[in-house]
Amino acid sequence: MRNFIQPGDTLTIPAPAAVASGFPVIAGSIVGIASSDAAIGAAVDVATVGVFELPKVAANNLALGAAVYWDAATSLATSTTSGNTNLGVATEAAPADTGTVRARLSGF
């Protein structure tokens, strides 16, 4: 194919804000996990597929397969949809007494 560019599992984009390695990056409809730290506007590799362990709101109970959202204000994964960005789904249960959730990115 002459028009193939790359698989798209990882995209190199300008960081929309200062980002830390391992934390979500949200740039319009691109949602992924930063592969390294980057200052605003600096190039950063963003994984758009895969399963990642992320810090979550400790009070949230996320069942296997539950939608996982990112609350940019708290830098925590959450079950709350309002005002937050969909990351993907929980790949295992994350009870209310835990501080992390494993989430598979939706890749959209």
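**The pocket lining and a charged network**

Guide: The lining of the largest pocket comprises 11 nonpolar residues, 1 polar residue and no charged residue (nonpolar: Ala, Val, Leu, Ile, Met, Phe, Trp, Tyr, Cys and Pro; charged: Asp, Glu, Lys and Arg; polar: the others, Gly among them). The model is predicted: local features need pLDDT of at least 70 and side-chain atom pairs pLDDT 80 or more, while totals for chains, interfaces and linings use all residues. Numbering runs from 1 along each chain as its sequence is written, and side-chain values use heavy atoms, without hydrogens and water.

A pocket is an open set of points on a 1 Å grid over the protein atoms alone where a 1.4 Å probe fits, with protein on both sides within 12 Å along at least five of seven lines; lining residues have an atom within 4 Å of a point. This pocket holds about 180 Å³, the volume being the space filled by probe spheres set on points joined across faces, edges and corners. Its lining includes Phe23, Trp70 and Ser75. Strand E2 (residues 24-27) contributes the most, 3 residues; strands are DSSP runs (E, at least two residues), numbered from the N terminus.

For the charged side chains, there are 2 salt bridges (a side-chain nitrogen of Lys or Arg within 4 Å of a carboxyl oxygen of Asp or Glu). In one, the closest N and O atoms of glutamate 53 and arginine 102 are 3.3 Å apart. Glutamate 53 lies in strand E5 and arginine 102 in strand E9, so the pair ties together parts 49 residues apart in sequence. Arginine 102 also pairs with glutamate 92 at 3.8 Å, and the shared partners join Glu53, Glu92 and Arg102 into one network.

Key: Helices (H or I, at least four residues) and strands (E, at least two) are DSSP runs, numbered from the N terminus.
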